[in-house]
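Please open the structure in your viewer and keep the selection tool at hand.

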Amino acid sequence: MSTRIDVRKTYKLFIGGAFPRSESGYSYVVNDSKGAFVANAALASRKDARDAVGAARKAQSGWAGRTAYNRAQILYRVAEVMEDRRPQFVQAVQQSEGLSGSKAERVVDEAVDRWVWYAGWADKLTQVVGNANPVAGPFFNLSTPEPTGVVAVLAPERSSLLGLVSVLAPVIVSGNTAVVVSSYSRPLPAVNLAEVLATSDVPGGVVNILTGKAATVAPWLAAHMDVNAIDLGGVAGDPVLATELEVAAADNLKRVRRAPAAEPDWSAAPGLEPMTAFLETKTVWHPMGV
Amino acid sequence: MSIFEYAPAPESRAIVDIKASCGLFVNGEFVDGHGTPFKTVNPATEEVLAEVAEANDADVDAAVKAARRAYDKVWGPMPGRERAKYLYRIARILQERAREISVLETIDNGKPIKESRDVDVPTAAAFFFYYAGWADKLEHSGYGSTPLGVAGQVIPWNFPLLMLAWKIAPALACGNTVVLKPAETTPLTALLFAEICQQADLPPGVVNIITGAGATGETLVGHPDVDKVAFTGSTGVGKAIARTVAGSSKKVTLELGGKAANIVFDDAPIDQAIEGIVNGIFFNQGHVCCAGSRLLVQESIADEVLTRLKRRMSTLRLGDPLDKNTDVGAINSAAQLARIHELSDIGEAEVGTGDGAGRWSPECELPSTGFWFPPTIFTGVSQAHRIAREEIFGPVLSVLTFRTPSEAVEKANNTPYGLSAGVWTDKGSRILDIAGRLRAGVVWANTFNKFDPTSPFGGYKESGYGREGGRHGLAAYLKGADA
């Protein structure tokens, strides 16, 4: 009697809406939480990071130019498609984080729900963090938030899915585009998420996901003159690397979201900070009655 | 020169009493500094005004310690409504002593008295009034109400008192205490402000003023017990500060340089636009980070705009800053004057003289002592020229042209800076479209260089991060908030 041989998946990068292998040709072994071989993931290089920044820059103005309503619809669509693929994510989270089935299910549910939560923010953020200013003179004066541009995101190392969604969704909801370096040891949920994003009406280049080592890829992103901001959350607990990246980020005065001492509890309510960290405030003046 | 000669109308400086030597203001008292004292001069006359103490590392440490004590024991625990009253008191004293402060500011800085009297001092008072009212309403700000602790603040020489107000008012309203270092060429109004704190009975240590140059600022910024760094100044120093605080828990806001585009479309209200262009670049001798130093004028009206701009520039009155009719005062220091000369000479070599290109200033007699530079424009400037790329921080305007709105936006955004911009057109839909596409923190449409305590100000890209003014300005001084 013959046993069916399963078809295994090739895990690739996600750049500009396409799924290339690393231009370096390198991959690395991904084990599950018990140390058993699961897959070879692409090992992103400096060139991959630069390609991803190029794709993110190209996509940024178009994404920011969409109506907030449209961005909300697309983020909600991500949640829909993810929900559809729930078993796949549960398995990936289980494999990566070593959680029991029911715990992994709760993590996936929370991750889907987080997309839904952020989807709702797209057309409310301006109202909550912008305002009209009563200046002492006959002027119309309005402050509105705008995306800062291209944001490099070092995703959390431990929380491979909920942590990833918790740092990615707030970046793109306001119109930024993202270059994400996934968890090095637990990259598979990130690759699955890339496949969801590719089929969720998210324009190519809005999210780019690199699997690889933050220590080798992040310095190029932190020093890249066409990256406007960086989230250092993925190097939590590595103050030496975090400091180096902050120093590199000073070259073009990137907005930096600093690395915490330890990875936070991602199930907690996020608040506004993950979104406002990557916003600019623009104030427009115009005379009135002249 | 103009057809009309004006009789001199000098403001009296008798109202100001400048001490021959000034100490540091630490823990509510004036104390000696232990560094090498330096002199501050009147840039219009080169007269030495006073000898000012330099704070060395130990002095900086003493000031930070005083601020920490005041934060822990007095200012932090004090209810917001009581903090508010102190800020209201300060605002009132600034108004009561407005004439004295503006004369002192003009003597020390070189700016025209009409600007220190009508802009700097009233706006500084307005900042204290505005933030005083926030002190007991922080829970409505959306940022919480937890202060950061001790703020180390370093400010520039272009608006000495106003920048002090931008820094100190929100910091104190949020419950922080401060150590502020004014610029070495313009320390006098900050020291007068220290006296105002004494008059207001502000608890000792809540505000500390330490004088000195770059080294003193570096020590302050790097001090381990400073929780928050706020800096206004050059992009180069801003980057150095960002590197210094890397890896620390210090919160930072930076207000840095700019190279603003002032875009004039063919349907602009020309008279207002000309005034806006002049105000944009010649206000405060062009010593303004958000100055409209690049004029982008639509090609079809370029000749007319230039003709009228030159005619208007010919009526600007340069000279004694204390004269109430003076429009353009003195350059703040010999060093700054040298930099303006250097970049202007480079500009002259770059643009050449052919095909409508060149350097132009109205006929203008410069005083024989002091630091002076005439209002200057360069025509035939391209985007690659250094005068179109580097911040000159002087009364020097580069004129470029464009044909389509998209070309204007592209040229305006073609700079690492992103602080401010101007748009001049009668078409509302175009204003909104262009304002939306400009990468700048402040966009003045059919106006320029307007400031108000309720209105957030700050840059995109290499013009820094954080906002000052308005509700957004509170975020810089509260825990868990993003400026």
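Begin by selecting Glu82(B), which is partly exposed, with a relative accessible area of 25%. The model before you is a predicted one. Side chains of opposite charge can pair when their charged atoms come close.

Now select Lys39(B) and Glu51(B), whose side chains form a salt bridge of 3.4 Å, N to O. Lys39(B) is in strand β4 (residues 38-41) of chain B and Glu51(B) in strand β5 (residues 48-52) of chain B, so this pair ties together parts that are 12 residues apart in sequence. Glu51(B) is partly exposed, with a relative accessible area of 32%.

For a group in place of a pair, select Lys19(B), Arg97(B), Glu100(B) and Glu195(B), which salt bridges link in a network. Over all chains, the count of salt bridges comes to 43.

**Aromatic rings in chain B**

Select Phe265(B) and Phe402(B), and display their rings. How far apart are the centres of the two rings? The distance is 5.2 Å, and the planes stand at 75 degrees, so the pair is edge-to-face. Phe265(B) lies in the loop between β11 (261-264) and α9 (270-282) of chain B, while Phe402(B) lies in strand β15 (residues 396-402) of chain B; the pair therefore ties together parts that are 137 residues apart in sequence. Both Phe265(B) and Phe402(B) are buried.

Proceed to Trp444(B) and Phe451(B), whose ring centres are 5.9 Å apart and whose planes are at 80 degrees, so this pair is edge-to-face. Trp444(B) has 0% relative accessibility and counts as buried. Then widen the selection to the cluster that ring pairs form from Phe127(B), Tyr130(B), Tyr131(B), Trp166(B), Trp444(B), Phe448(B), Phe451(B) and Phe457(B). The number of aromatic pairs over all chains is 20.

**Chain A: a helix and its cover**

Turn to chain A and select helix α8 (residues 214-223), in which Ala214(A), Val217(A), Ala218(A), Leu221(A) and Ala222(A) are the buried residues. Why do they lie on the same side of α8(A)? They cover an arc of only 135 degrees around the axis, which puts them on the same side of the helix. To view what covers these buried residues, select elements of chain A including α1 (46-65), β5 (150-154), β6 (177-181), β7 (207-210), β8 (229-231) and α9 (239-249).

Remain with α1 of chain A and select Lys47(A) and Asp51(A), which are 4 residues apart in that helix and separated by about one helical turn. Their side chains meet in a salt bridge of 3.1 Å, N to O. Asp51(A) is partly exposed at a relative accessible area of 33%, and Lys47(A) is partly exposed at 43% relative accessibility.

**Last stop: a surface patch**

Finally, select Phe140(A), Leu142(A) and Met288(A), which form a nonpolar patch on the surface. Together they have about 260 Å² of accessible area. Leu142(A) is located in strand β4 (residues 139-147) of chain A and is partly exposed, with a relative accessible area of 31%.

How values were computed: Residues numbered from 1 in each chain as written. Chains lettered and ligands numbered in written order. Predicted model: local features only at pLDDT ≥ 70, side-chain atom pairs only at ≥ 80, totals over all residues. Heavy atoms only, no water. Patch = residues over 30% accessible without salt bridge, like charges linked within 9 Å, V, L, I, M, F, W, Y side chains within 5 Å. Areas by Shrake-Rupley, 256 points an atom, 1.4 Å probe, with all protein chains shown as cover. Salt bridge = Lys/Arg side-chain N within 4 Å of Asp/Glu carboxyl O. Helix = DSSP H or I, 4+ residues; strand = E, 2+ residues; numbered from the N terminus. Buried < 20%, exposed > 50% of the residue type's maximum accessible area, 1.4 Å probe, protein only. Arc of directions from axis to C-beta. Contact = heavy atoms within 4.5 Å. Phe/Tyr/Trp six-rings, centres within 6.5 Å; stacked < 30°, edge-to-face > 60°.
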